[in-house]
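Here are my notes on this chain. Please read them with the model open.

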Amino acid sequence: MASKVKITVSVDAGLIRELGGASRKKGKPRSQLVEEALQLWRRRQLEQALKDGYLAMAKEDHATAERHLAAGWEAIR
């Protein structure tokens, strides 16, 4: 299990009130909810990086296919 580290951050008071309400409703400590939110943020960052990478690869593959298609047409003319 990963070790836990205490940090101090400044957060909007309204968000802290919402966090407290969510903590009571879910029966989980605030720190656990914050950790879950950070894990979700990290997962979404990784998903976006993968999506961006695949889109870039698709554009590159399309450009390569276009170049080969043009060369193919030249070869059969």
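1. Basis. This is a predicted model: local features need pLDDT of at least 70, side-chain atom pairs count only at pLDDT 80 or more, and totals for chains, interfaces and linings use all residues. Residues are numbered from 1 along each chain as its sequence is written, and side-chain values use heavy atoms, with hydrogens and water left out.

2. Fold content. The protein chain has two helices and zero strands. Both are DSSP runs numbered from the N terminus (helices H or I, at least four residues; strands E, at least two).

3. Overall dimensions. The radius of gyration is 24 Å, whereas a compact globule of 77 residues would have one near 11 Å. That radius is taken over C-alpha atoms, and the globule rule is 2.2 Å times the number of residues to the power 0.38. Along its principal axes the C-alpha trace spans about 75 × 30 × 25 Å.

4. Burial. Of the 77 residues, 6% count as buried. Buried means under 20% relative accessible area and exposed over 50%, with partly exposed in between (1.4 Å probe, protein chains only).

5. Ser23. This residue sits in helix H1 (residues 13–26). Is Ser23 buried or exposed? Ser23 is buried, because its relative accessible area is 13%. A polar atom of the Ser23 side chain lies 2.5 Å from the backbone oxygen of Lys28. Neighbours within four places in sequence aside, Ser23 is in contact (heavy atoms within 4.5 Å) with Lys28, Pro29, Arg30 and Leu33.

6. Ser31. Helix H2 (residues 30–76) holds Ser31. Ser31 is exposed, with a relative accessible area of 57%. From Ser31 to Gln48 is 17 residues in sequence and 26 Å in space, C-alpha to C-alpha.

Technical notes: Polar contact = N/O pair within 3.5 Å; in protein donor to acceptor, adjacent residues only side chain to side chain.
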